[in-house]
Amino acid sequence: MRILIATDAWRPQVNGVVSTLERMTQAAAEFGAEFEFLTPQGMWTAPLPSYPEIRLALPNLWRIGRQIEEAAPDHIHIATEGPIGWLTRRYCLRRKRTFTTSYHTRFPEYVSARFGVPEWITYAWLRNFHAPSAAVMAPTPTIGADLTRRGFARVRLWTRGVNHALYHPRTKRALDLPPPIFLSVGRVAVEKNLEALLGLDLPGSTVIVGDGPARRSLERRYRHAHFLGAKHGEALADIYASADVFVFPSRTDTFGIVLIEAMASGLPVAAFPAPGPIDVVAPGAGVLDEDLRAACLKALTLSREKAREHSLRFTWKESARQFLDNIEMSRLDLRQPTPPTERVGVARIAQRG
């Protein structure tokens with residue numbers, strides 16, 4: 001099958017959407033799938049309001065249609081709800097082409113945190129976007145159930161993976177800081193809730209890896225913390241393996257690939273019992289508690305081997321298999337419609353394993 005993925009998020013952006021699409025499509029080659037990407041590359045762009053590091057494409061329908069027709073895909077998947085996503089959706093509807101979509105980002109919570117827009121307004125906008133989709137792929141059962149409760153239809157599970165060859169326990173430590181080391185990795189932005197970690201009275205050292213619009217202000221306010229900027233590849237893997245606890249203060253992530261990168265590195269997790277950690281972190285591999293400080297201290301007592309062992313459940317091969325199965329099931333559903341009450345949802349897929 002030749003699949004076209006339309007996405008507003010692409011290099012040079014560094015985020016979970018880009019990582020997921022790159023790693024999953026590489027793994028999908030084992031199943032014989034071929035991929036083309038419709039991305040902002042080569043298009044005019046403009047900075048995202050309040051987040052100039054991210055630039056939005058400014059495409060037109062004619063160009064989108066031309067690129068799709070040149071790719072001649074068997075199936076179209078729309079990964080994001082940005083300008084490229086909306087115009088690809090419009091193209092598909094005009095030509096009565098089947099397409100699937102995925103839900104990567106909790107925009108309603110982000111927009112509410114940044115601009116004070118009520119979440120229900122943004123959810124209504126997203127519900128309209130995904131309504132014609134043959135399958136809406138959600139990263140965890142909890143997120144999928146929430147979308148279903150909010151009126152999204154045909155929701156299916158599409159999990160994430162981790163590169164276990166890159167992220168693994170190491171004997172040599174790359175951080176020469178007083179232990180224990182509490183590490184957080186990700187975009188330094190208001191929606192990541194980093195102040196919930198930075199405001200804690202913890203022993204040892206607090207380390208933040210990543211960049212973003214909130215970095216300068218947080219560095220000025222929390223001078224005890226070590227801000228290392230963005231890291232990638234072996235340098236990032238070394239830092240993971242050098243820490244003692246991975247702290248994930250976000251309440252708005254849909255999955256949190258950094259969680260499984262940390263656990264693969266032998267790093268127990270401390271987090272709030274929020275979407276993402278609820279489905280990704282298992283007992284023994286981390287601690288979920290509304291008291292984040294208590295979670296951090298308890299995570300210090302957990303086995304690094306258990307964290308690594310739990311991470312082995314998440315592979316990009318399994319992620320690719322789920323993605324391709326979702327496409328095939330959606331195409332079968334269109335050929336053989338079933339009553340709405342019997343459609344396969346996230347919960348039933350999770351039960352199947």
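In which kind of crossing, left-handed or right-handed, does H2 pass H3? Keep that in mind as you look through these close-ups, which come from a predicted model.

**View 1. Helices H2 and H3 cross each other.** Here's the answer: the crossing of H2 past H3 is right-handed. H2 covers residues 61–71 and H3 covers residues 83–94. The two pack at an angle of about 70 degrees, and their axes sit 9 Å apart. That angle is why H2 counts as roughly perpendicular to H3.

**View 2. Zooming in on the residues where H2 meets H3.** On the H2 side, look for Leu-61, Ile-64, Gly-65, Ile-68 and Glu-69. Across from them, H3 brings in Ile-84, Leu-87, Thr-88, Arg-90, Tyr-91 and Arg-94. Sort the residues of this contact by type and you get six nonpolar, two polar and three charged.

**View 3. Glu-109, a buried residue in helix H4.** H4 runs over residues 107–115, and Glu-109 is part of it. Is Glu-109 buried or exposed? Its relative accessibility is 9%, so Glu-109 counts as buried, the cut-off for buried being under 20%. Check out its side chain too: a polar contact of 3.1 Å links it to the side chain of Arg-106.

**View 4. Who else touches Glu-109?** Skip the neighbours within four places in sequence, and Glu-109 is in contact with Glu-119, Tyr-123 and Thr-252. Now take Thr-252: along the sequence, Glu-109 and Thr-252 are 143 residues apart. In space, though, their C-alpha atoms are 6.5 Å apart.

How values were computed. Residues are numbered from 1 along each chain as its sequence is written. This is a predicted model: local features need pLDDT of at least 70, side-chain atom pairs count only at pLDDT 80 or more; totals for chains, interfaces and linings use all residues. Side-chain values use heavy atoms; hydrogens and water are left out. Axes are lines fitted to C-alpha atoms, for helices over the stretch in contact, and angles run from 0 to 180 degrees between N-to-C directions. Helices (H or I, at least four residues) and strands (E, at least two) are DSSP runs, numbered from the N terminus. Angles under 35 degrees count as roughly parallel, over 145 as roughly antiparallel, 65 to 115 as roughly perpendicular and the rest as oblique. A crossing is left-handed if the near helix is turned anticlockwise from the far one by less than a right angle, and right-handed if clockwise. Contact means heavy atoms within 4.5 Å. Ala, Val, Leu, Ile, Met, Phe, Trp, Tyr, Cys and Pro count as nonpolar, Asp, Glu, Lys and Arg as charged, and the others, Gly among them, as polar. Buried means under 20% relative accessible area, exposed over 50%, partly exposed in between (1.4 Å probe, protein chains only). A polar contact is a pair of N or O atoms within 3.5 Å; within protein, one must be able to donate a hydrogen and the other to accept it, and residues adjacent in sequence count only if both atoms are side-chain atoms.
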